[in-house]
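Student: Could you take me through this structure by question and answer, with the cut-off behind each term?

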Amino acid sequence: MEEEQEDLPNPNQASEKTLDAASRKHAAMLERLANRKQSLSSRKPSSDSNPDSFESTHSFLSRFSQSKLSIDSDLSRSKSKSDLDRVSISISDLEKLVAENSYFLPSYEVRTCLKTISDLKQTVENVTSEIVPKKKFGFKNKKASTGFVPEIEPEIQAFEQEKPSYPIRELPGFREKENEVLVKEFEGSEIGEFTISDLNFCEVRLKGCLRALFVHRLRNCKVYVGSVFGSVLIEEVEGCVFVLASHQIRIHHARESDFYLRARSRPIIEDCNGVRFAPYCLSYDGIERDLREANLEEETGNWANVDDFRWLRAVQSPNWSVLPENERVGGVTISNLDE
Amino acid sequence: MGLLSIIRKIKRKEKEMRILMVGLDNSGKTTIVLKINGEDTSVISPTLGFNIKTMTYNKYTLNIWDVGGQRTIRSYWRNYFEQTDGLVWVVDSSDLRRLDDCKFELHNILKEERLSGASLLILANKQDIQGALSPDEMAKVLNLDAMDKTRHWKIMGCSAYTGDGLLEGFDWLVQDIASRIYVLD
Ligand SMILES: Nc1nc2c(ncn2[C@@H]2O[C@H](COP(=O)(O)OP(=O)(O)OP(=O)(O)O)[C@@H](O)[C@H]2O)c(=O)[nH]1
Ligand SMILES: [Mg+2]
């Protein structure tokens with residue numbers, strides 16, 4: 001594999017020349033990979049028939065670039081609707097290729113490929129409208145020509161008029177508190193969701209096992225959570241410390257906060273900055289049992305595998321970092337006492 | 001549906017349906033797809049791009065596109081509209097705070113001309129959670145009655161966790177699509 005890799009073009013600056021030089025080698029390599037893949041297929045995570053899977057980012061990308069080039073040239077030669085239909089099919093195949101391989105591709109590559117596909121589709125659309133004159137009246141032009149037609153269509157307006165749009169319902173939670181210690185223990189059978197919102201300078205301790213946790217608008221709080229057998233959604237927090245274990249963790253609009261996590265999947269952040277991550281470090285009487293019950297007893301190391309949806313580059317996101325060991329709290333022990 | 005789209009349907013591979021699953025992040029799309037496909041649902045990451053599952057359902061082949069719902073990538077949804085026969089909108093019935101967001105995104109997508117012929121299944125997911133909105137309440141909140149009268153749609157309560165309601169929902173969807181596009185059989 002090593003000798004082949006250095007010949008592979010860098011996908012981000014793939015020029016026709018390098019691809020050309022590499023393409024013959026690739027054909028041979030793809031064949032070998034395909035053979036190798038057959039022997040590996042028994043241990044593949046999904047039982048889907050996946051003939052297009054290579055499990056190698058480099059070979060995937062070179063194949064992607066080749067297809068892209070050939071679509072580009074087909075596109076430039078397209079003269080009729082049926083030419084374009086054929087190009088559309090090739091684009092769909094390319095898209096499928098990305099989907100089938102996305103389980104092992106780095107996130108940056110997935111996003112780059114999606115963008116490429118999106119651009120190709122746009123080009124097809126543009127060329128189509130040149131070749132095939134539109135038969136329909138163009139509603140889209142209306143706005144531009146009059147300049148006064150409101151953008152919101154009647155249907156949508158109807159939706160926005162109704163103000164109190166959802167039933168006010170008391171879901172379990174801690175809300176609108178300041179300077180308090182808030183403690184809740186979940187018993188084995190009573191599994192539900194829990195909300196903590198609009199807190200300032202509070203300490204929250206949730207023990208036991210819960211199914212879903214929503215966190216919204218917290219400032220300067222400490223939040224300690226046993227185990228969440230489902231997902232945690234954290235939005236709009238600032239100056240907080242979280243210690244929690246959950247199957248899934250999504251963090252939106254967080255600033256200057258520290259997260260001590262255990263997660264079964266990769267934590268994700270979106271629109272965050274100054275957030276730092278460290279491994280889970282909570283203890284209380286019976287926490288092992290709670291973690292086991294939620295399948296969270298294992299340290300997966302995922303606390304450091306953060307995906308930033310706002311940062312699509314291969315290099316480290318500037319929005320989050322690993323909390324340096326000498327700045328971590330040594331470990332947090334909580335009890336039911338309010339102190 | 002115009003003549004062109006009818007011709008397109010006939011030309012297509014027989015008995016194939018393209019189904020697009022969208023909805024806010026965390027609503028349970030990936031879990032639902034894996035559940036109906038009988039796969040392990042114990043480790044699922046938030047979807048960064050999309051997944052495709054091809055599965056046989058009754059006598060049809062379903063191509064299910066499960067697209068991530070994080071805000072940053074919602075703009076990619078439009079890449080998948082073309083040739084969609086069925087649209088599945090998944091909503092977390094216990095996430096009351098983001099219902100406005102959900103309603104907005106749903107109606108945004110329904111404006112889309114390329115989806116105007118698609119049957120719409122709304123899955124009010126996470127019914128197993130105490131305090132979740134019922135499908136009736138959800139229909140009111142999302143103001144589904146205000147939808148274009150020509151749209152074929154149904155709302156269904158479900159739980160990807162227990163599996164309740166999923167097959168019933170997909171049965172309706174597949175039947176509805178079949179009755180529209182395979183009428184020429
Ligand atoms: N209690 C309960 N939890 C559910 C149910 N369906 C999904 N979940 C949980 O909800 C969380 C989100 O599920 P996903 O399937 O990842 O959601 P998604 O819609 O694919 O999210 P994105 O990929 O980010 O768009 C997971 O922790 C699931 O375990 C359900 O019916 N009941
Ligand atoms: Mg998903």
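This is a predicted model: local features need pLDDT of at least 70, side-chain atom pairs count only at pLDDT 80 or more; totals for chains, interfaces and linings use all residues.

Tutor: Residues are numbered from 1 along each chain as its sequence is written, chains are lettered from A and ligands numbered from 1 in the order written, and side-chain values use heavy atoms, with hydrogens and water left out.

Student: Which residues coordinate the magnesium ion (ligand 2)?

Tutor: Donors are N, O and S atoms within 2.8 Å of the metal (3.2 Å for Na, K and Ca), and because water is not among the atoms, sites may look incomplete. The ion is coordinated at 2.0 Å through OG1 atoms, and the residues that supply them are Thr30(B) and Thr47(B).

Student: How many residues apart in sequence are the parts that this pair ties together?

Tutor: Helices (H or I, at least four residues) and strands (E, at least two) are DSSP runs, numbered from the N terminus. Thr30(B) lies in helix α2 (residues 29-36) of chain B, whereas Thr47(B) lies in the loop between α2 and β2 (50-57) of chain B, so the parts tied together are 17 residues apart in sequence.

Student: Is Thr47(B) buried or exposed?

Tutor: Buried means under 20% relative accessible area and exposed over 50%, with partly exposed in between (1.4 Å probe, protein chains only). Thr30(B) is at 14% relative accessibility and therefore counts as buried. Because Thr47(B) is at 13%, this residue also counts as buried.

Student: Which residue of chain A is in contact with Thr47(B)?

Tutor: Contact means heavy atoms within 4.5 Å. Leaving aside neighbours within four places in sequence, Thr47(B) is in contact with Thr30(B), Asp66(B), Gly68(B) and Ile73(B), and, from chain A, with Phe309(A).

Student: What feature does UniProt place at Thr30(B) and Thr47(B)?

Tutor: UniProt positions are given in the numbering used here, with feature names shortened, and annotations may be inferred rather than shown by experiment. The record, an unreviewed entry, places at Thr30(B) and Thr47(B) the feature "binding site". They span 18 residues in sequence, yet no two of their C-alpha atoms are more than 7.7 Å apart, so they gather at one spot, and the feature named in the record is "binding site".

Student: What percentage of the residues of chain A count as buried?

Tutor: Chain A contains eight helices and 12 strands. Of its 339 residues, the share that count as buried is 43%.
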